[in-house]
Amino acid sequence: MAFRVGVGETDFADLRRSGKYYVDKTEILYELVEETENKVTLFTRPRRFGKTLMMNMMSNFFSIRKDSREIFEGLRITKHKTFCEKWMNQCPVLFISFKDVEAETYEGAYKMLQTRLADVCKEWESLYKEERVNAADRKVFKELMFETAKESDVRSSLKIIMRMMHAVYGRKVILLIDEYDVPIARANEMSAVGNPFYSAMLAVLRGLMGTALKDNEFLEFAVITGCLRIAKESIFTGTNNFSSYSVLDADFSGFFGFTGDEVTELLLAADREDKAEMIKEWYDGYVFGDSFVYCPWDVMNYLSALKKRRNAKPKNYWKNTSHNGVLLTFVKRTDFKVKGKFEILMNKGTIVQTVSDDLTYDTLHSSEDHLWSVLLMTGYLTKADEKEEGETVRLRIPNREIASIFEDTVVELFRQTIDNSARKSMMDALWNGDEQEASKVISDLLWRTISYNDYHEDYYHAFLAGVFVGLGYEVESNKEKGLGRPDILLKDDDNRRAMIIEAKRSMKEEDMDQDCDAAVSQIVNKKYADGLCGYTRIRCYGIAFFQKHARVKRMQ
């Protein structure tokens, strides 16, 4: 069968039946049930590390309403025959995700929660018709389904549904809650911008989960996923046999993300073994507990691109799937002296930091340690040594992909804090053809950014684009012109003038003049100025960069 990629697949049954590649993580079922005594298990991992697919797989395995023998055939869990006989399709399973329960107001978020609960009730509508279910529960169930239930019933809803399931099936219920912390995280974000409803949202979720998890005689066990463990909010306080596993814990560390051996097998199946080093550079490097793992979202996206184009270049698939604002917020904090630490990290070094997986959303920004912890728990940083334990660990940027997000953050910080008078001096020099002054001003601007030695051409392109934004010009970056794409095309229609800039990264300082000449020649040879009709002045520049130095030459 031809290799098939399932990018973003979260429905385990569809994935298996469609013949798409599945990295076998089913052994977690045995370890979770047979090797622990957990009544409630919380797994916290960054986004895009396979949590939802994992939970969907668990639902398919345990659900009494399914026959899952076909879709689990050949997978590792089936080697545990006695376990499968005891657990496969033997329990009612209540599976709910909170990933979409987020809004800009409490009313909006609460409405989305009601809708999600209504969806669950519709999936289990048959419970309403069962005579074995008591009349009071049926009444609340109907109100939940039609989104007319009182808030007190919403808070008790999961336990009510579980009691109904137990009445019908005579078995305790397995509860699966995916992305449990999304509503609270969003409420906290909105509180920070003047729309406070964090406490209200927290109270609803505390009631909803508290009644379902604490002293619930209808609960077999619960598995919960999220990005952070919420500690002080008391959601899990008093829960019996509760265990939490974060990126710091060795237990279950290889089940979220792809291990090196799994990626090797994947590349062999895809006939793309020649891309192993590139995939490792871009998407490997995360240390969860004592396991090294790749980000599965990125690996599968890149393999999908490679299936279409064998020489497709790796790119950043992760940055648009997560909230990258935390990096910018952190580095902008004047009360935290983090610039030096960012410089070390961006130069492929490590920093020693006290971290904790016991956090609370409303105090995330209260200390520097908390923010470093958030960066670790959400995947922007990782442990430098898998053998390190305890709260004081060495941290590093995991891979090329995350390094590019740090670079983007530095460019954005520069754009937001740049002195407009310096930008005006630069533009005056460029429009006047003053190469020496332009070189000096651009170099001065570079020196104000966070030091970063591993510069590459894209960094300089982004830096230049950031300098030009907000000056009142039309700025195009890498748009088609002539026979190619100039790095920067700047238009000043009011004064009928335009500027073309081609940037080069020099490997040595003594190469900068030669690289400037090459950039100017590229503008000429590829006819970048063609089509700029009606402009009375067109300036064309080659700019060579070496670390924090710039050299500017104009086309004569």
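User: Is leucine 94 buried or exposed?
Analyst: This is a predicted model. In it, leucine 94 counts as buried because its relative accessibility is 0%.

User: Which strand is leucine 94 in?
Analyst: Leucine 94 belongs to strand β2, which covers residues 93-97.

User: What does leucine 94 touch, leaving aside residues up to four places away in sequence?
Analyst: Its contacts are Val120, Trp124, Leu158, Ile161, Met162, Met165, Val173, Ile174, Leu175 and Leu176.

User: How far is leucine 94 from aspartate 67?
Analyst: Their C-alpha atoms are separated by 16 Å, and the two residues are 27 apart along the chain.

User: Now the largest nonpolar core. How many residues, and which have the most contacts inside it?
Analyst: That core has 149 residues, and Leu94, Phe98 and Leu303 have the most contacts inside it. Helix α11 (residues 198-213) gives the largest share, nine residues.

User: What about a second core, how many residues is that?
Analyst: The second core is separate and has 35 residues, including Leu75, Met88, Ile174 and Leu176. Ile174 and Leu176 are also among the residues in contact with leucine 94. As background, nonpolar side chains in soluble globular proteins tend to be buried together.

User: On to the open sheet of three strands. What is the order?
Analyst: The order is β8-β10-β9, and the pairing is antiparallel.

User: Which strands stand at the edges?
Analyst: β8 (351-354) and β9 (382-383) do. Each has a single partner strand, so one side of each is left without a neighbour in the sheet.

User: And how many bridges between β8 and β10?
Analyst: Four bridges, in the antiparallel sense, with β10 covering residues 392-396. Threonine 354 stands opposite threonine 392 in β10.

User: Which helices go with that sheet?
Analyst: Helix α16 (residues 339-346) lies across β8 and β10 and runs at about 125° to β8. Helix α17 (residues 368-377) packs on the sheet too, touching β8, β9 and β10, with its direction at about 110° to that of β8.

How values were computed: Residues are numbered from 1 along each chain as its sequence is written. This is a predicted model: local features need pLDDT of at least 70, side-chain atom pairs count only at pLDDT 80 or more; totals for chains, interfaces and linings use all residues. Side-chain values use heavy atoms; hydrogens and water are left out. Helices (H or I, at least four residues) and strands (E, at least two) are DSSP runs, numbered from the N terminus. Buried means under 20% relative accessible area, exposed over 50%, partly exposed in between (1.4 Å probe, protein chains only). Contact means heavy atoms within 4.5 Å. Two strands pair if DSSP finds at least two bridges between them. Axes are lines fitted to C-alpha atoms, for helices over the stretch in contact, and angles run from 0 to 180 degrees between N-to-C directions. A nonpolar core is a set of buried Ala, Val, Leu, Ile, Met, Phe, Trp, Tyr and Cys residues joined through side-chain atoms within 4.5 Å.
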